[in-house]
Amino acid sequence: MSIIIAVITGVVIVVVMVLVWLVLTHLQLKRDYQVLADIVRDHNNDIADLYAAVLTADGRIAATDEQISVLCAKISDYRHSEPSTHPYSLVIQKVRSGASVSELMQNSGLSQDEAALLIRLHGYKAQLEVSAGP
C-alpha cells in the first residue's frame, strides 16, 4: 500500500510539474502573441500612413501634370507667335542666313562680343569670324 501511495504521489508530483510547465509556457506564448500583435498593429498603421502619403503624392503629381500641360500650351503659343517681338529676332534671322560678325556689327549696331555670341548661339561654327583687333 505504501508503494501505491508513493507511486500516486510521484504521478501527482509529475502532473503538477507538467501543469506548472504548461502554465508558464502558456504565459510566455501569451506575451509573445501580444508582442507580435503590437508589431502587426504598428505595421498596419505604417501601411495606412504610406497609403495616405501615396494619395497625397498622386494628387501633387496630377497637379504638376496639369501645370506642365498649361506651360507646354503657353510655350507652343509663344513659339507660334510672331518672332519679331524679340529684340534680337531680326539679328538672329541674319545670323541664320549666314551673316558675319562684321556685318552684324555694321548693320545692327552690335558690339563684336554680342555679334560673336549670337553667331555661336544661332549660327554655324564655320561662320564665326574672329577678328585680330580689339
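Ser100 has a relative accessibility of 7% and therefore counts as buried (under 20% relative accessible area, with exposed over 50% and partly exposed in between, for a 1.4 Å probe and protein chains only). The model is predicted, so that local features need pLDDT of at least 70 and side-chain atom pairs count only at pLDDT 80 or more, while totals for chains, interfaces and linings use all residues. Residues are numbered from 1 along each chain as its sequence is written, and side-chain values use heavy atoms, with hydrogens and water left out.

Ser100 lies in the loop that links helix 2 (89-96) to helix 3 (101-108). Helices here are DSSP runs of H or I with at least four residues, strands are runs of E with at least two, and both are numbered from the N terminus. A polar contact of 3.2 Å joins the side chains of Ser100 and Ser102 (a pair of N or O atoms within 3.5 Å; within protein, one must be able to donate a hydrogen and the other to accept it, and residues adjacent in sequence count only if both atoms are side-chain atoms).

The axes of helix 2 and helix 3 cross at roughly 150° and come within 11 Å. Axes are lines fitted to C-alpha atoms, for helices over the stretch in contact, and angles run from 0 to 180 degrees between N-to-C directions. Helix 2 and helix 3 are therefore roughly antiparallel (angles over 145 degrees; under 35 is roughly parallel, 65 to 115 roughly perpendicular and the rest oblique). On the helix 2 side the contact (heavy atoms within 4.5 Å) is made by Val91, Lys94 and Val95, and on the helix 3 side by Leu104, Asn107 and Ser108. These residues comprise three nonpolar, two polar and one charged (Ala, Val, Leu, Ile, Met, Phe, Trp, Tyr, Cys and Pro count as nonpolar, Asp, Glu, Lys and Arg as charged, and the others, Gly among them, as polar).

Helix 3 also packs with helix 4 (residues 112-122), at an angle of about 125° and with the axes 9 Å apart. Val101, Leu104 and Met105 of helix 3 meet Gln112, Ala115, Ala116 and Ile119 of helix 4. Six residues of this contact are nonpolar, one is polar and none is charged.

Over the whole chain, the secondary structure consists of four helices and zero strands. Of the 134 residues, 10% are buried. Among contacts between residues at least 6 apart in sequence, 32% join residues at least 24 apart.
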